[in-house]
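Please keep the structure in view while reading.

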Amino acid sequence: MEFLALTLEDVQDNTPVDIWPENLTAFQVFQRLGTSWFIGPGGPVGLRYEVLPTVFESLDLKKKDRRKVFSDLQIMEQEALNQMAT
């Protein structure tokens, strides 16, 4: 887990988190991309966007909603990168 800049406590935290309904789809996409990180010599550098069509289809996400979800996903990705870098 060191290469992801995570500790055992980070992955064992079972604290409940509330997700606003308008963020649920973006969260579901982010969660399904959990194993799709590009890892560089210094750790994670970003998500692998080429898997997004499969994830969008698995969630039956309408094409008209994908741009907003992608934008929200990028915000979550950047914050995750910030957290993993600390």
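Predicted model: local features only at pLDDT ≥ 70, side-chain atom pairs only at ≥ 80, totals over all residues.

Residues are numbered from 1 along each chain as its sequence is written, and side-chain values use heavy atoms, with hydrogens and water left out.

**Aromatic pairs**

- Two aromatic pairs are found in the whole structure (ring centres of Phe, Tyr or Trp, the last by its six-membered ring, within 6.5 Å; edge-to-face means planes over 60 degrees apart).
- F30 and W37 pair edge-to-face, at 6.3 Å centre to centre and 85 degrees between the planes.
- W37 is buried at a relative accessible area of 17% (buried is under 20%, exposed over 50%, partly exposed in between, with a 1.4 Å probe and protein chains only).
- Y49 and F70 form an edge-to-face pair, with 5.0 Å between centres and 80 degrees between planes.
- Y49 lies in the loop between β2 (43-47) and α3 (52-58) and F70 in helix α4 (residues 63-85), so this pair ties together parts 21 residues apart in sequence.
- Y49 is partly exposed at 31% relative accessibility, and F70 is partly exposed at 26%.

**Packing of α2 and α4**

- Helix α2 (residues 24-32) packs with α4 at about 55 degrees, their axes being 9 Å apart.
- In contact (heavy atoms within 4.5 Å), T25, A26, F27, V29 and F30 of α2 meet V69, D72, L73, M76, E77 and A80 of α4.

Notes: Phe/Tyr/Trp six-rings, centres within 6.5 Å; stacked < 30°, edge-to-face > 60°. Helix = DSSP H or I, 4+ residues; strand = E, 2+ residues; numbered from the N terminus. Axes fitted to C-alpha atoms, helices over the stretch in contact; angles between N-to-C directions.
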